[in-house]
Amino acid sequence: MSNVFTKLKTPVTGAYQQPTGLFINNEFVEGVDKKTFEVINPSTEEVICSVHEATEKDVDIAVAAARKAFKGEWRTITPQRRGQLIFKLADIVEKNAEGLAAVESLDNGKSMLMSRGDVGSVVGCLRYYAGWADKIEGSTVDIAPDMFHYILKEPIGVCGQIIPWNFPLLMLAWKIGPALCTGNTIVMKTAEQTPLSALYLAQFVKEAGFPPGVLNIISGFGKTAGAALSAHMDVDKIAFTGSTVVGRAIMKAAASSNLKKVTLELGGKSPNIVFDDADIEQTISWVNYGIYYNHGQCCCAGTRIYVQEGIYDKFLEAFKKRALENKVGDPFAEGTFQGPQVSQLQYERIMGYIDSGKEEGATLEVGGGRHGDKGYFIQPTIFSNVRSDMKIMQEEIFGPVCAIAKFSTEEDVIELGNDTVYGLAAAVHTNDLNRALRVSSAIKAGTVWVNCYNMLHHQIPFGGFKASGIGRELGKEVLNNYLETKSVAVRMGGALY
């Protein structure tokens, strides 16, 4: 027991037992090679603990467990029972919500305000897909009087799922909800930066009553465990959320192995468009939330802010003031909005983009430096006088950095908004409903918010156009990603000729 669990404390919940092993077949186990790696607290830069690292050998064991479960008990469980188990897991998560939120803030650095919101969304997401479990239906097709045609919807099989570090718990729920309710089994790899909350939740899987092997959760690195999962010949589908660069590598691995099905939720460089007639006070609140939410580490963050020339100066001054009001600091402190970036590597990457913005001639209006002298904190940062060809306007920064540019006409801003390889999200701020609908239709993005931002919900499909991904998460639409369609034609007697 002592080598797969460790005692930790959080400032909110105090002492708790942190699972550190690989969760396979409903048990926490050491890796085959007994390798471990350190998990760093981004607020203090100190080691929290070490967790067991999955290698290719461990991936093989986890996949074999998932395959056995898929062929065995899980295959025979009724859809109603699947739903009951997911509902039970949601209930246990809700019961342990404060502890899960505290572990998330400890590991990821997001404020408790954000973590509590994430855990609440996890519960809602699991309950939503629990309700879908007994509603996966086929159909019959009347083609000829002597034929009986029917169409089945069947689970794909063993699903490899790779989640990111920016929303460790929420992305876990987005992935396992639809996969489980459709009857699949799972091997999930967490992000190496943030494995703790998923492992903490894993202990509830057995408590909820899931058979061994249905949901396996492993910690490891992308180049080893992630690559092994993506190329595994006995994995039927791979789902990934993360960077476009890694998404391409996963797609290649899937294609060169057994041509497994792939869904990818990737990067973004989302336009946030503000017209002259927008309510400035409300719009600034939403724009601020759209970029600094989750410390800017959000794939759909509205980092390219386009403001119509009639209100540009007024908007800029008011937005600068609002950004400076964001409380940056200890994620466990009351009122903290923005915590640290997730790692030293991410901190340095973001600071590199800030340096690039200065070097290319953009005007630094607010921030641009480190916050405090400990932890990976970065000040909320605003650039103005930004050209479309600048690095900070074209590449995903994934931090609390935004760029503001001026536009004149609706036609101009549509062209500017679409001037990116990405197409994940966008926002339009205006009191003109017809304009809002026109621009929403013209912007090439999977999600468009009008007079709001980051209003995600488990009932609404989420995903991107262009280099922002393939397939959709959430809503009814995601279920198709985890189902195979089978057509059966039965001839009702009689010779062919």
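A residue counts as buried when its relative accessible area is under 20%, as exposed when it is over 50%, and as partly exposed in between (1.4 Å probe, protein chains only). By that cut-off, buried residues make up 58% of the 497 residues in the protein chain. The model is predicted: local features need pLDDT of at least 70, side-chain atom pairs count only at pLDDT 80 or more, and totals for chains, interfaces and linings use all residues. Numbering runs from 1 along each chain as its sequence is written, and side-chain values use heavy atoms, without hydrogens and water.

Start with the overall fold. The protein chain has 15 helices and 24 strands. These are DSSP runs numbered from the N terminus: helices are H or I with at least four residues, strands are E with at least two. The C-alpha atoms fill a box of roughly 80 × 65 × 40 Å along the principal axes. Contact means heavy atoms within 4.5 Å. Among contacts between residues at least 6 apart in sequence, 74% join residues at least 24 apart.

Now look at helix 15, residues 433-442. Its buried residues include R435, A436, V439 and S440. They sit on the same side of helix 15 because they cover an arc of only 130 degrees around the axis, taken from the directions from the helix axis to the C-beta atoms. An α-helix has 3.6 residues a turn, so residues three or four places apart point the same way.

The face turned away from that buried side carries the exposed residues L433, N434, L437 and S441. What covers the buried residues includes helix 14 (410-417) and strands 14 (271-274), 20 (425-429) and 21 (447-450).
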